[in-house]
Amino acid sequence: MKVTEHIKKAKGKTLFSFEIIPPVKGRSIQELYNNIDPLIEFNPPFIDVTTSREEYVYLDRDGLLDKKLTRMRPGTVGICASIKHKYDVDTIPHVLCGGFTKEETEYLLVDCHYLGIDNIMALRGDAMREEKYFEPSKGGHAYASDLVKQVKNLNNGVYLHEVIETDNCSNFCIGVAGYPEKHLEAPSLKTDLKWLKKKVELGADYVVTQMFFDNKKYFEFVAAAREMGITVPIIPGIKPLAIKRHLQLLPQVFRIDLPQDLIDAVEDCKNNKEVRQVGVEWAIQQSKELKEAGVPVLHYYSMGKSDNVKQIAEAIF
């Protein structure tokens, strides 16, 4: 079922969803199951599965270092199929511009269609570690809007190199990212919203926001998006703080602001166990306010761990 259909079916009730990351190569998928199991009781209608960019590794070849490209966390589509089969829950693979050619993207989308996957999260992706700025792969898309257009074209039977008349077209529901505090590369929030509107005009059906820790940022973002004519559902993304180092990492990586009250509470913690509890309590208060405001879904960035998300869900759902 499509995300938009789940939202419509809920008739105003706020739904619960979360995002997981594939395990590192060589690790068992059972680790994912162990963290998904405690969250199934909250009836998530869908689960997102991230896709990792390729990265360089250096292999020792008789004393010489050989630079090779690899993916440390492959398996997104396979994991989606496995979770869908095991839990009878819709899964949403993240499809990236970075690291994929247009042809590879088409093959991935065809696989998803065969597997009965109804939703796609279309993302540009981050720059590689060695890049200062994002560089599209040779033969790949430079912008998420281009990726949205490719998915929408496929829904209409328009493939990269031919138009196929068929009664078996894909019908993906397309999700895209939104940034309440603007994308780190955007010169202004208004400019960022113009890009978001373009993605919606090209076929995006819903938006999931980047993490934020001040609900005011989300409410202002939604109001600005609506004023610009963006009418699709805007789902808030929530990440509970877990370690003290997040005070430096999250603003640096995501260019977001943390509320001073949250900073003070974390700085007063003696260890990361206490930080984790502060993060849970903050996310609970965020979630309560957002739910009272009638958001369609509360979407949690679990990073593959479920204990803190379970505490939050118990208090909200």
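A: The buried residues of helix H3 pack against strand E1 (15–20), helix H2 (30–36), strand E2 (46–49), strand E5 (90–96) and helix H4 (102–114). Contact here means heavy atoms within 4.5 Å. Helices (H or I, at least four residues) and strands (E, at least two) are DSSP runs, numbered from the N terminus.

This is a predicted model, in which local features need pLDDT of at least 70 and side-chain atom pairs count only at pLDDT 80 or more, while totals for chains, interfaces and linings use all residues. Residues are numbered from 1 along each chain as its sequence is written, and side-chain values use heavy atoms, with hydrogens and water left out.

The buried residues of H3 are Thr-76, Val-77, Ile-79, Cys-80, Ile-83 and Tyr-87. Buried means under 20% relative accessible area, exposed over 50%, and partly exposed in between (1.4 Å probe, protein chains only). These residues cover an arc of only 160 degrees around the axis, which puts them on the same side of H3. The arc is that of the directions from the helix axis to the C-beta atoms. An α-helix has 3.6 residues a turn, so residues three or four places apart point the same way.

As for length, H3 has 12 residues (residues 76–87), which at 1.5 Å a residue should span 16 Å; its end C-alpha atoms are 16 Å apart, which agrees. The expected span of a helix is 1.5 Å times one less than its number of residues. After H3 comes Asp-88, whose phi is positive, near 55 degrees.
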